[in-house]
Amino acid sequence: MGILFKNGTVVTASDMVQADVLVEGEKVVLIGQNLPTRGHEVINCKGKYLMPGGIDVHTHLDLPFGGTYSNDDFDIGHKAAAFGGTTTHIDFVIQPKGGSLHDGLKIWQEKAKPAQIDYGFHMAVTDLRDDVMAEIPSLVDEGITSLKLFMAYKNVFQIDDATLYKAMEQSAKHGMIVMVHAENGDVEEQLRKQLLAEGKTDPVWHYSSRPPEIEGEATNRAAVMAGLTGCPLYVVHVTCEPAVAAIRRARALGAPVMGETCVQYFYVTRDKHLGAPGFEGSKYVCSPPVRNAEHHAVLWQAVKDGTLQAVSTDHCDFWYEGGVGPWQEWGKAHNGGDWIGYEKQDPSYRRPGKELGKGDFSKIPNGMPGIEDRMMVMWHLGVNSGRLSPTRFVELNCTNPAKIFGCYPQKGTIAVGADADILVWDPNKRHTISASTHHMKCDYNVYEGLKVKGVPQQVYLRGKRIVDGGIWLGKNGEGRFVRRAPHAPVL
Ligand code: DUC
Ligand code: ZN
Ligand code: ZN
């Protein structure tokens with residue numbers, strides 16, 4: 001007996017067709033019209049879209065950052081992702097100071113034990129010693145085919161140009177891809193010191209310490225190295241015109257350069273959000289900073305014309321004030337008391353959050369929530385407005401991420417033989433986004449009050465229904481590590 005999704009419209013990166021989809025076990029086994037129902041559980045999908053589960057290739061769950069940790073972990077963060085239609089994500093393992101890449105990997109494997117959706121790892125290299133260089137090829141055997149290097153966060157994560165160049169040479173040899181956080185960290189340090197010395201300490205000055213020019217410069221520098229080494233480059237969280245221009249130019253010259261932007265960079269602005277009165281703007285501090293509408297328009301053009309190939313979140317949430325939410329109940333209800341996170345050990349404990357940067361914008365933990373919102377907000381702002389077709393929406397949020405990071409067609413599409421990660425998407429259902437109803441462990445939502453039309457009604461992970469309307473049906477430990485293949489295509 002299988003599950004037969006009947007009478008829906010199947011949306012892939014290339015087509016929208018009225019068809020039935022038969023799932024047996026964990027896989028899609030048949031797509032066709034008027035498939036016989038006998039012996040199957042039938043899901044009536046009339047008026048619904050059947051889309052592949054979302055893939056968010058840029059998340060930071062339980063990330064140590066600026067003296068605290070990001071809130072969402074591989075338990076609550078996974079549930080939140082699934083409620084928003086994301087069934088796979090790729091998180092960043094951070095090489096610990098003085099440690100090896102495999103030391104970092106062990107830490108993240110431990111974090112991932114409660115997994116509820118599928119996940120992969122990128123490896124963030126912070127210290128490319130000779131022994132670490134020698135370790136890189138073995139990552140491929142472990143299904144990790146992407147390295148990440150930070151060109152910013154001086155004295156924390158930042159690497160120098162020689163390191164980036166060497167990492168690219170090594171990656172190119174082994175069919176891996178290099179990702180960069182592209183901002184000039186040396187210039188940022190100078191700007192930051194000047195601003196603080198002038199008494200400019202409020203959240204809005206974060207923007208001035210990281211202007212578009214230093215993002216564009218670093219993006220161009222990395223793109224030049226990709227051209228010289230032949231290493232596929234993926235620029236994460238592109239926010240602005242100078243960075244888009246650098247990627248566009250490099251691609252026109254034939255360099256293997258790709259890029260993503262994140263959903264918040266289409267919506268959140270310096271003027272309204274980061275510049276909000278008091279300390280409110282700290283909610284929107286992330287790096288690179290959010291930009292104003294003129295850059296949003298450049299990003300829409302870039303995701304339309306293929307200069308950028310994917311949309312992710314950089315999900316990395318911190319408390320504003322702290323508080324309770326539905327996640328607390330779930331922690332107890334669905335884990336049978338087995339959950340051993342902070343809150344279980346000491347319910348009064350609250351991880352430090354945005355307040356760490358009161359009086360000094362540079363100490364505000366960088367990041368915001370978004371893993372749950374991405375698909376709904378992109379559908380609403382992109383498809384409902386006519387900027388994106390449903391097929392391009394699927395391509396940006398599901399298919400291209402899978403192709404670029406080596407897990408297509410297992411993930412990222414609805415096709416015979418693919419994992420049955422399926423969204424039953426209701427394009428007519430309305431929903432108001434709010435921190436009071438979201439499932440992320442965060443006391444604010446970047447899109448608070450945004451009325452979207454189009455939501456995932458049911459979510460299937462490898463053939464198992466994990467979300468049904470507002471009901472959670474997933475289980476800890478059922479999320480699986482996704483081994484990715486090297487030599488993925490450059491799109
Ligand atoms: N940017 C953020 O805003 N948060 C985490 C790391 C990053 O690069
Ligand atoms: Zn980054
Ligand atoms: Zn990030």
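Tutor: Let us begin with open spaces. On a 1 Å grid over the protein atoms alone, a cavity is a set of points where a 1.4 Å probe fits but cannot get out, whereas a pocket is an open set with protein on both sides within 12 Å along at least five of seven lines; a lining residue has an atom within 4 Å of a point. Grid points are joined across faces, edges and corners, and the volume is the space filled by probe spheres set on the points. This is a predicted model, in which local features need pLDDT of at least 70 and side-chain atom pairs count only at pLDDT 80 or more, while totals for chains, interfaces and linings use all residues. Residues are numbered from 1 along each chain as its sequence is written, chains are lettered from A and ligands numbered from 1 in the order in which they are written, and side-chain values use heavy atoms, with hydrogens and water left out.

Student: How much space lies in the second largest pocket, and which residues lie nearest its centre?

Tutor: The second largest pocket holds about 420 Å³. Its lining has 19 residues, and Phe 65, Tyr 153, Val 156, Arg 192 and Ser 362 lie nearest the centre. Helix H5 (185–197) and helix H6 (205–209) are the elements that give two or more residues to this lining. Helices (H or I, at least four residues) and strands (E, at least two) are DSSP runs, numbered from the N terminus. H5 provides the largest share, three residues.

Student: How is a metal site read, and which residues coordinate the zinc ion (ligand 2)?

Tutor: Donors are N, O and S atoms within 2.8 Å of the metal (3.2 Å for Na, K and Ca); water is not among the atoms, so sites may look incomplete. Here His 181 (ND1) and His 237 (NE2) coordinate the zinc ion (ligand 2) at 2.1 Å. His 181 is in strand E12 (residues 177–181) and His 237 in the loop between strand E13 (233–235) and helix H8 (241–252), 56 residues apart.

Student: Why does His 181 count as buried?

Tutor: Buried means under 20% relative accessible area, exposed over 50%, and partly exposed in between (1.4 Å probe, protein chains only). His 181 counts as buried because its relative accessibility is 2%. His 237 is likewise buried, at 2%.

Student: How many salt bridges does a search of the whole structure find?

Tutor: Side chains of opposite charge can pair when their charged atoms come close. A salt bridge is a side-chain nitrogen of Lys or Arg within 4 Å of a carboxyl oxygen of Asp or Glu. The search finds 30. One of them joins Asp 118 and Arg 462 (2.7 Å, N to O). Asp 118 lies in strand E10 (residues 118–124) and Arg 462 in the loop between strand E17 (451–461) and strand E18 (464–468), so the pair ties together parts that are 344 residues apart in sequence. Both Asp 118 and Arg 462 are buried.

Student: Which residues are linked with Asp 118 in a network of salt bridges?

Tutor: The network also includes Glu 26, Lys 27, Lys 411, Asp 419, Asp 421, Arg 462 and Arg 480. Within this group, Asp 419 and Lys 411 form a salt bridge whose closest N and O atoms are 2.9 Å apart.
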